[in-house]
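How do two packed helices get described? By the angle between their axes and the distance between the axes. Look at the model below with that in mind.

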Amino acid sequence: KRQAIHCAPCHGLAGDGRGLVHERAAGLAEGTWTPPTDLGGETVVARSAGHLYNTVNKGIRNMPAYGPQIDPADRWAIVAYVRALQLSRNATVEDLPAAERAALQE
């Protein structure tokens, strides 16, 4: 829920950096917008969970700090969600439990 509220407007629901705020700013083409990072890109995938937590807490470059707005447990939940988004990018049907794979074939 917090990711959808605080992160998705810029980073997008899929974390690909194509949120509504980004799309609007890019459409204005004023040349002052810095696109948000793709959360599934190599740079973010390589960062530690602590680094991601600190980014949510303190901000980074043009991204504001969300520490004052988001409780620590929710910050960690956002980090976990980002990791899940990253894993989902390369997921295959074989990654699903057998029961889920069988349900897809019905």
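## Two helices cross

Helix α1 (residues 2–11) and helix α5 (residues 72–89) have axes that come within 10 Å and cross at roughly 70°. Axes are lines fitted to C-alpha atoms, for helices over the stretch in contact, with angles from 0 to 180 degrees between N-to-C directions. Helices are DSSP runs (H or I, at least four residues), numbered from the N terminus. α1 and α5 are therefore roughly perpendicular to each other (65 to 115 degrees).

This is a predicted model: local features need pLDDT of at least 70, side-chain atom pairs count only at pLDDT 80 or more, and totals for chains, interfaces and linings use all residues. Residues are numbered from 1 along each chain as its sequence is written, and side-chain values use heavy atoms, leaving out hydrogens and water.

## Who touches whom

Arg2, Gln3 and Cys7 of α1 meet Asp74, Ile78, Tyr81 and Leu85 of α5. Contact means heavy atoms within 4.5 Å. These residues divide into 4 nonpolar, 1 polar and 2 charged. Here Ala, Val, Leu, Ile, Met, Phe, Trp, Tyr, Cys and Pro count as nonpolar, Asp, Glu, Lys and Arg as charged, and the others, Gly among them, as polar.

## The buried side of α1

Which residues of α1 are buried? They are Gln3, His6, Cys7, Ala8 and His11. Buried means under 20% relative accessible area (1.4 Å probe, protein chains only). Their cover includes α2 (20–28) and α5.

His11 counts as buried because its relative accessibility is 12%. Beyond its neighbours within four places in sequence, His11 has contacts including Asp16, Arg18, Pro36 and Met63. Gly12 follows α1, with a positive phi near 85°.

Notes: Parallel < 35°, antiparallel > 145°, perpendicular 65-115°, else oblique. Buried < 20%, exposed > 50% of the residue type's maximum accessible area, 1.4 Å probe, protein only.
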